[in-house]
Amino acid sequence: MRELETGLWHWEASHPEWTAANSEGWGPEVSSYAIDDGERLLLIDPLAPPTEIDELAAERETAIVLTSPWHERDAQSLVEWLAAPVFLPRPDEFNDDVAWLRDDLERLEKDGRVYSAGDRLPIGAEAFAGRLRNDLVLWVEGRRALVVGDTLVDLGRGLELPADWLPKSVTREQAVEALRPLLELPVELVLPTHGAPTDRAALERALS
């Protein structure tokens, strides 16, 4: 685990469902983040939180935040242990992502916990359009940090928008144009879930 700045941590863990056949180029290690403001702790796309984060979560008002439904990782066990709310984009109807939340989605929507691009979450984050309708980018203004989910990743070549991860009907040029509003934000940190944290310069290169 590494503390990027006071109250902002990054760690990597091996994804339990990873295989070379289903990886689409990403390795077994994936990234998770924790952001603490002194009262509330956000666990973002959490997988196997280190002991220090577990201990802090038990002392804080904690929320689980997913950038996409398929990043549920250890969310269910953390929600059950901490009695913490979970915030997520709406899952697709045809797959099993967050199956444990399916019967509760209507209530979660009413509570503002199912979010879309353009929404301001009541946890200090704003959602921006990403690679897919429910693969979103989160702007945490208080940290000048952009959490980019699977929209921008580092597969060993630096931060990028992989063309083969886009829907067949969308070109890379179209996707880059849709992501350009991110460059208007005063971003200092970029937090991918595949790859290590990076900076604004990497964001600008990825969207050039």
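A: Helices α1 and α2 cross in a right-handed sense, meaning that the near helix is turned clockwise from the far one by less than a right angle. Helices (H or I, at least four residues) and strands (E, at least two) are DSSP runs, numbered from the N terminus. The model is predicted, so local features need pLDDT of at least 70 and side-chain atom pairs count only at pLDDT 80 or more, while totals for chains, interfaces and linings use all residues. Residues are numbered from 1 along each chain as its sequence is written, and side-chain values use heavy atoms, with hydrogens and water left out.

Helix α1 covers residues 51-59 and helix α2 residues 75-82; the two pack at an angle of about 40°, with axes 11 Å apart. Axes are lines fitted to C-alpha atoms, for helices over the stretch in contact, and angles run from 0 to 180 degrees between N-to-C directions. From α1, the residues in contact (heavy atoms within 4.5 Å) are Asp54, Ala57 and Ala58, and from α2 they are Leu78, Trp81 and Leu82.

Both helices also lie across strands. Helix α1 lies across β2, β3, β4 (40-44) and β5 (61-65), and runs at about 135° to β4. Helix α2 lies across β4, β5 and β6 (86-89), at about 160° to β5.

These strands belong to an open sheet of seven, in the order β1-β2-β3-β4-β5-β6-β7, with mixed pairing. Two strands pair if DSSP finds at least two bridges between them. The edges are held by β1 and β7 (114-115); each has a single partner strand, so one side of each has no neighbour in the sheet.

Arginine 2 has histidine 10 of β2 as its bridge partner. The two strands form a hairpin with two residues between them, and glycine 7 in the turn has a positive phi of about 80°. Strand β2 is in turn joined by seven bridges to strand β3 (residues 29-36), and β2 and β3 run antiparallel. Glutamate 12 has serine 31 of β3 as its bridge partner.

Strand β3 also takes part in a charged pair. Aspartate 36 forms a salt bridge with arginine 60, and their closest N and O atoms are 2.9 Å apart. Aspartate 36 is in β3 and arginine 60 in the loop between α1 and β5, so the pair ties together parts 24 residues apart in sequence. Over the whole structure, a search finds 14 salt bridges, each a side-chain nitrogen of Lys or Arg within 4 Å of a carboxyl oxygen of Asp or Glu.

Strand β8 runs antiparallel to strand β9 (residues 125-132), and two bridges join them. Leucine 121 has alanine 125 of β9 as its bridge partner.
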